[in-house]
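Please keep the sequence and the 3D view at hand.

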Amino acid sequence: MATAAAAAAVASSSPLSLISSFSSSSKSPSHSPRLIRAFGPNFSTPLPPRLLLKRSDKSIACPSRIFLLLQRLTPIAATSGLFESVITVLASVALSASLLVSDVDPASAFVVTTPRRLQSDELATVRLFQENTPSVVYITNLAARQDAFTLDVLEVPQGSGSGFIWDKDGHIVTNYHVIRGASDLRVTLADQTTYEARVVGFDQDKDVAVLRIDAPKEKLRPIPIGISSDLLVGQKVYAIGNPFGLDHTLTTGVISGLRREISSAATGRPIQDVIQTDAAINPGNSGGPLLDSSGSLIGINTAIYSPSGASSGVGFSIPVDTVNGIVEQIVKFGKVTRPILGIKFAPDQSVEQLGVSGVLVLDAPANGPAGKAGLQPTKRDAYGRLILGDIITSVNGKKVTNGSDLYRILDQCKVGDTVTVEVLRGDHKEKISVVLEPKPDES
């Protein structure tokens, strides 16, 4: 019995039995070996690749285990003979080689790499995006439509855009053209919760609108408000939008120009001091914020210059200094009290054809500021001949050559101010004092 036990012990520790037990330590595989190439994660210095062969998710051969096997074979070789030891080494090498060259049709490879290292400016951009996306919302514009067959009235989405949270009271700021013609509005926050929104007020001339939602204060994260008076051409800007209501998007660029002028899509009135940027502003991003590198709001993305409707690298944003004053008036009074002269004037091209410089008054209602002050409108005499009205050439000593000049001067005035209007009446000039009045309410 003792001899048999000793023989069994020697047999179990023989090189060939070790290889057999090494290769059969795992359960029989149900598929071919899988080759997995792994790298040590989270190390300050890259580590060399570590090759590992697996069968049914259990390791059966890798350089470290083969080395361990050879160590275990070393003392056995002393008793079993050199020949058997060489056979054992060759068998182990053959085992590893067979696994490498075996059929790997059902094999799958996994690559685990170290975490991507970002540069400092990339980290700043990622942080800016993550910190400000909760402030950007998605706005759906719904319009009432009547079915031609059933005569049922349905709410149909007719447009969408972006906006941002202004304060903890639930005020949302966006472009006026995003909400124009809406019978109902819905605002979707970053966590995909949707709320009915009501219009607090808007300014068609500057393309700004303010909405309000009844959402819990803990869900409202106001965007940091910056200033736009000290911007410089060339500084980095970031445009965040929510064009499809699914997720936020970020585009980056620089300020390409300052003090640009565009026309309001609603009234045609010029918007001064607009920011021009090459950050992509695509349809659906209208109303979203334009941020500086510190994450502060410097403008509202409002328009692009593109015949095709896609971003062409020329985008425009309403400066935050303009937006700030408008939003404050809307939140406080529900409207913008912008001063007006109370006239209708001819297109600039018509005045140029007359060979004069200024703004030709077509109409001056008697109950308006200009009519009360005595400005003369254009009219026809008893014979049907056209008699030109007054041509405004300056206001408060500032030259007026076209309608944009007149609007620009009035934007610097307040309701109740008295301005001196110089007009060309016939062949002589006159100076008339006009008391500015607020713009009538719009429905």
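Is strand S11 mostly covered or mostly uncovered, and how many of its residues are buried?

## Strand S11

This is a predicted model. S11 spans residues 236-241 and is mostly covered. Of its 6 residues, 5 are buried.

## Partners of S11

S11 pairs with strand S12, residues 249-263. The two run antiparallel and are joined by 6 bridges.

## Histidine 248 in the loop

The loop between S11 and S12 holds histidine 248. Is histidine 248 buried or exposed? Its relative accessibility is 11%. The cut-off for buried is under 20%, so histidine 248 counts as buried.

Which backbone oxygens does the side chain of histidine 248 reach? One belongs to threonine 133, at 3.2 Å from a polar side-chain atom of histidine 248. Another belongs to valine 136, at 3.0 Å from the side chain of histidine 248.

## Surroundings of histidine 248

Set aside the neighbours within four places in sequence. Histidine 248 is then in contact with Phe129, Thr133, Val136, Ala190, Ile240, Gly241 and Asn242. Thr133 and Val136 in this list also supply the backbone oxygens described above. Ile240 and Gly241 are contacts too, and their numbers fall within S11, residues 236-241.

Notes. Residues are numbered from 1 along each chain as its sequence is written. This is a predicted model: local features need pLDDT of at least 70, side-chain atom pairs count only at pLDDT 80 or more; totals for chains, interfaces and linings use all residues. Side-chain values use heavy atoms; hydrogens and water are left out. Buried means under 20% relative accessible area, exposed over 50%, partly exposed in between (1.4 Å probe, protein chains only). Helices (H or I, at least four residues) and strands (E, at least two) are DSSP runs, numbered from the N terminus. Two strands pair if DSSP finds at least two bridges between them. A polar contact is a pair of N or O atoms within 3.5 Å; within protein, one must be able to donate a hydrogen and the other to accept it, and residues adjacent in sequence count only if both atoms are side-chain atoms. Contact means heavy atoms within 4.5 Å.
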